[in-house]
Amino acid sequence: MSINLAAQVNSIMAALILLTSFGLLVQRRMYGLLHLFAWQGLFLSVSTAIVGYVSGAHHLYISSILTLTLKVVLIPYILHFLMRQLHIHKEVEQLVNVPTTMLIGIALVIFSYYLTAPIRELSTLVTRSTLAVALATVMLGLLMMITRRHAVTQIIGFLALENGLFFAATSATYGMPLVVELGVALDILIAAFIFGIFFFQIRTTFDSLDVEQMTQLKEED
Amino acid sequence: MIEFYPFIIEAIQIVIVLLFAPLFVGWVRMLKCWFQGRTSAGLFQPYRDILKLFHKDVILAENASWIFRFTPYLVFGVTVLAGGIIPIIFLNLPFATVADVIAIAALFAIVRFFTALAGMDIGTAFGGMGSSREMMIGSLAEPAMLMAIFTVSLISQTTSLSNMADVLIHKEFILRPSMAFALLAFVLISIAETGRIPVDNPATHLELTMIHEAMILEYSGRHLALIEWAGMIKLFLFTTIGIASFFPWGISTSVNLINISAGIIFLILKMGFLGIGLILIETGLAKMRIFRVPEFLGSAFLLSTLGMLSYFILE
């Protein structure tokens, strides 16, 4: 596989990651969200492997496999298990309606393109153009956390944000050192477990996973 | 002889549009029957339908104005005119030099405008309802369609469909995310514009959810035949626009007998596969609620915008 073709496939993967980010933003069903998140992880892992091939940095293969096991299999499985246990299957409520969210998302993509344009001029890496997509994924994850009021969807938004950060690291610098990546992966796994415990706690306290309910947590005047 | 060539080319093109459109619809209906486990009426049933309608009398409502009588002819004429612009088997169409893809979108807008007027002209409740729905869908689909086509024209640096196809045929093949996005958006828009499931059901006159059929409910005889034929041509044209802007390989670049016959064979093959794709979508999905349609078309707009953005970001 030539470098040129690898770069093309990598930009296709970047485009697909961006597409899944938008999918997460507008998807109403919980299980649909999980599937989209797993797909995003898969595209991320393929993209990481391609970057590893192009740059010759072989530790990226390990991060790719790590992404595959964690973000495509394990975390979606944990979340799936939690949703079954907590009987969450109804449609997700959104604070802002879908078309408006899409328009805000498009504005965020343009903003991150504008923001990363100077870096694109400076960098000489093959993957430099995907940095804008990575930043956009981070922003869209944040937007998702803002526009959703359900605890589980906020977690998925957070994990998508982390995907974006990981993608930014591979596209801007050909990946972080392996030790750092292992640490981050472990953190994410632990976080998924802790989120699970939190979900159960929130539900036993408020009888719902709607984070709006937490505004009741105030001191008595 | 040489100066007659453009006329001949254009005439062949129009004949192909007129004859192949019912054939394509027949193929789609046949596939649909097979997928649903029914026996089909055959590949040539749409021709028989049109012929039968031409033999029937026209029944006009008492308060029908000239708009109602004029609309079928206008709809048919304008649709055929649009068919003269799109490269189907030849690239160097004489009409293609004077009208680009924006003109094609405008022609379809004229058709929609007059159909909606005719729907309201009689004053029945169904007509007005269908017109308002059609205009809603049109107002959302047209910007998305233009965005999708503009993404392709960014790559080829032209808005003429013939030149776009020409550039795609002769350029080296590159994997482009922007093209993939534009193609997805175009598929969604074509479904909405040609009134297929999940946006509208072309096979029913009995549902409260109908859109296109509600507007033309009062038409009969040769008027109905012209409108139905124009609808078939519209479906055919949307698929050929898709072929010309995304898979133009096989459209003949020079006018000689071998290239033309190859072009026709490629056209039939592509149409066959696209019919299967269309039917897979139609049988796999249920018709959506009318208020979900803005979201459906919103995602088409999103996809085409993402295509345009990824052209700038990734390529």
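Predicted model: local features only at pLDDT ≥ 70, side-chain atom pairs only at ≥ 80, totals over all residues.

Student: What makes α1(B) and α9(B) roughly perpendicular to each other?

Tutor: Angles of 65 to 115 degrees count as roughly perpendicular, and the angle here is about 90°, so α1(B) and α9(B) are given that description. In α1(B), the residues B:V17, B:F20, B:A21, B:P22, B:F24 and B:V25 meet B:M232, B:I233, B:L235 and B:F236 of α9(B). By class, this contact has ten nonpolar residues, with no polar and no charged ones.

Student: Why is α2(B) called roughly antiparallel to α9(B)?

Tutor: The axes of helix α2 (residues 45-55) of chain B and helix α9 (residues 221-246) of chain B come within 7 Å and cross at roughly 155°. Because angles over 145 degrees count as roughly antiparallel, α2(B) is roughly antiparallel to α9(B). On the α2(B) side the contact is made by B:P46, B:I50, B:L53 and B:F54, while α9(B) contributes B:G221, B:R222, B:L224, B:A225, B:E228, B:W229 and B:M232. Sorted by class, the contact of α2(B) with α9(B) has eight nonpolar, one polar and two charged residues.

Student: How do you know whether A:F167 is buried or exposed?

Tutor: A residue is buried if 20 or more other C-beta atoms lie within 10 Å of its own, and A:F167 has 30 of them within that distance, so A:F167 is buried. A:F167 is found in helix α6 (residues 151-173) of chain A, and, not counting residues up to four places away in sequence, A:F167 touches A:I17, A:L44, A:S47, A:A134 and A:T137.

Student: How do you know whether B:Q157 counts as buried or exposed?

Tutor: The cut-off for an exposed residue is 12 or fewer C-beta neighbours, and B:Q157 has 9 inside 10 Å, so B:Q157 counts as exposed. B:Q157 lies in the loop between α5 (125-156) and α6 (161-170) of chain B, and its phi is near 60°, a positive value in a residue other than glycine.

Student: Where does the cis peptide bond between B:I197 and B:P198 fall?

Tutor: B:P198 lies in the loop between α7 (177-193) and α8 (212-215) of chain B, and the cis bond that joins B:I197 to B:P198 has an omega of about 10°.

Student: What makes up the side of chain A that touches chain B?

Tutor: In this interface, 21 residues of chain A are in contact with 17 residues of chain B. On the chain A side, α1 (3-26), α4 (98-122) and α5 (131-147) each supply at least two residues, and α1(A) gives the most, with ten. By class, this side has 17 nonpolar, four polar and no charged residues.

Key: Residues numbered from 1 in each chain as written. Chains lettered and ligands numbered in written order. Axes fitted to C-alpha atoms, helices over the stretch in contact; angles between N-to-C directions. Helix = DSSP H or I, 4+ residues; strand = E, 2+ residues; numbered from the N terminus. Parallel < 35°, antiparallel > 145°, perpendicular 65-115°, else oblique. Contact = placed C-beta atoms within 7 Å. Nonpolar A, V, L, I, M, F, W, Y, C, P; charged D, E, K, R; others polar.
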